[in-house]
Amino acid sequence: MTPVKVEEKLFQNRYRVDAGRPHINIINPTTCQVECKTQECTICCPAGCYTAEGNGQVVLITDGCLECGTCRIICGTYRNVDWEYPRGGYGILFKFG
Amino acid sequence: MDEKFDAIVIGAGPSGNAAAYTMAKAGLKVLQIERGEYPGSKNVQGAILYSKALEEIIPDFRDDAPLERHIIEQQMWVLDDESYVGSTYRSAEFNKEPYNRYTIIRAQFDKWFSKRVQEAGALLVCETTVTNLIMDRNRVIGVQTDREGGSVYADVVILADGVNSLLAKKAGFHAELEPGDVALAVKEIHFLPEETIQSRFNIAEGEGVVIEMAGKITQGMMGTGFLYTNKDSLTIGVGCMLSDFKQQKTTPYMLLEQMKAHPAIKPLLAGGEMKEYTAHLIPEGGYKAMPQLYGEGWMIVGDAGMFVNAVHREGSNLAMTTGRYAAETVIDLLQKKLPTTAANLAFYQARLEDSFVMKDLKKYKRMPEIFHKNNQFFTTYPELVNRAAHTMLTVDGVDKKTKERQIRKSFKQRRSLFGLMGDAFKMWRAFE
């Protein structure tokens, strides 16, 4: 099967991005890079917001976030995800839901 | 907004709308706060609407609610990689009004429900995120929002803020969810001409089909897939326990993509145009994972309170029912001029215990852990059942008695006789 690009799926969605104010933040990037060997956030996020870099860093870009909560709950060992809802009116805006 | 209300409802999904509607209808001064652009813009569901729960709140909802199709046929598929064994129940009974179940599109449905809530007299404020509960010692007295000067006060705050339930967590009412308490579901909506859907699923205008799926599509994880017919679109999705996604390191949209490529599913979607991709958590921890549901000046309803019956795929009906019970509890107290203390709000819990809500959740309280520890129900059995069907249905000169022996042997080889007996017992324990 040809690998599927999540960007193509997210492209169909409607967002109002709160530029410069991400609603999710990695609390301590060093923890991801040094301590977390599994980095499930980079695999299980349904919007592919987390990317594993070659040097072990995890990069988070919240623009395509579907606001599901997976990353926060999955990071159970380190509790390294600071997760809030976007400001009112921002973020994903489902057309159908 | 420095104003005092009888009640503040956080969230405009099914539970919040049911609560706000019920209280406003009884003449209470209700403020409802929604973070989305409009009610429904943050909400995700399959979605099937069970009529009963809504009828209790809005008896004439069929007059103008945006309903897609009423369900006349339910299929259950058990899938292997290339095949499925299925059962179908279709009845002309389901074509008699009033209809029992409908497919809906939540963004449209929630907007409609919210209109009714506002007509009943509740004040709705959208595009506003509640950031914290305002406490006076251990008592909730209001909420803080992300609007300027956005503190509002009320006798009671109803938390209908969905599965993530951030506000109750911040206030220390319950702990963070565990990956074993939630399922992660991803889905897409594909548009097709109405006539194509009708001929493809053998249905007439207004009639709908539900297909629930289990087996290889979840790649060994505890979960199910589904395909629902809307008026001129199909909803297809798959959900599995988040703990399984984590352990198996599975990427959700890859799982969905592989499911869509299954030889039995692909032709049903052919020619459709995908217009939205969504993901959502479903609180499936069941009775044992439920949080405290009320306290001094607050109550939790809907997904935030883990009100989902995973076995029967029920959630929105529990959401509406819990929203209504919470509202009725408040109405009772205010009419009797009683304070909204934890001791008095305990009547909410009593109403729940007395109803199908808690009775059903208690009935299946062992289900999550049994299925969790026994993934053979999602892998080995679907495979065995499909192979058995294949063996029996292939005409190849082998006599039927020999075929039966082969099938029995395949089951025993994979699970052993004790394994099979144990599994039967576990199934009985899960559903008893």
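Trainee: In which sense, parallel or antiparallel, do β4(B) and strand β12 of chain B pair, and over how many bridges?

Mentor: In this predicted model, β4(B) and strand β12 (residues 207-215) of chain B pair in the parallel sense over 9 bridges. Strands are DSSP runs of E with at least two residues, helices runs of H or I with at least four, both numbered from the N terminus.

Trainee: What conventions apply to the numbering and to the confidence of the model?

Mentor: Residues are numbered from 1 along each chain as its sequence is written, while chains are lettered from A and ligands numbered from 1 in the order in which they are written. In this predicted model, local features need pLDDT of at least 70 and side-chain atom pairs count only at pLDDT 80 or more, whereas totals for chains, interfaces and linings use all residues.

Trainee: Which strand joins β4(B) in a hairpin, and what is the sense of their pairing?

Mentor: The hairpin runs from β4(B) to β5(B) through 4 residues. Strand β5 (residues 84-90) pairs with β4(B) in the antiparallel sense, over 7 bridges. In that pairing, the bridge partner of B:W77 is B:G86.

Trainee: Why do β4 and β6 of chain B count as paired?

Mentor: The antiparallel strands β4 (residues 69-79) and β6 (residues 101-103) of chain B are joined by 2 bridges. Because at least two are required, 2 bridges qualify. B:H70 stands opposite B:Y102 in β6(B).

Trainee: What makes chain A as compact as a globular protein of its length?

Mentor: The comparison uses the radius of gyration over C-alpha atoms and the globule rule, 2.2 Å times the number of residues to the power 0.38. For 97 residues the rule gives 13 Å, and chain A has 14 Å, which is close, so chain A is as compact as a globular protein of that length. Chain A holds 4 helices and 6 strands, in the order α-β-β-α-α-β-β-α-β-β.

Trainee: How does the radius of gyration of chain B compare with that of a compact globule?

Mentor: A compact globule of 432 residues would have a radius of gyration near 22 Å, and chain B, at 23 Å, agrees with this. Chain B contains 15 helices and 17 strands.

Trainee: What share of chain B counts as buried?

Mentor: Buried residues are 49% of the 432 in chain B; each has 20 or more other C-beta atoms, placed from the backbone, within 10 Å of its own. In chain A, 39% of the 97 residues count as buried.

Trainee: Which residues touch the most other members of the largest nonpolar core?

Mentor: That core has 142 residues, and those touching the most other members are B:A7, B:I8, B:I10, B:V157, B:I158, B:L159 and B:M299. Such a core is a set of buried Ala, Val, Leu, Ile, Met, Phe, Trp, Tyr and Cys residues joined through C-beta atoms within 7 Å. Helix α9 (residues 316-335) of chain B gives the largest share, 8 residues.

Trainee: How many residues of each chain take part in the contact between chains A and B?

Mentor: In chain A, 29 residues are in contact with 45 residues of chain B, where a contact requires C-beta atoms, placed from the backbone, within 7 Å.

Methods. Two residues are in contact if their C-beta atoms, placed from the backbone, lie within 7 Å. A residue is buried if 20 or more other C-beta atoms lie within 10 Å of its own, exposed if 12 or fewer, and partly exposed in between; C-beta atoms are placed from the backbone.
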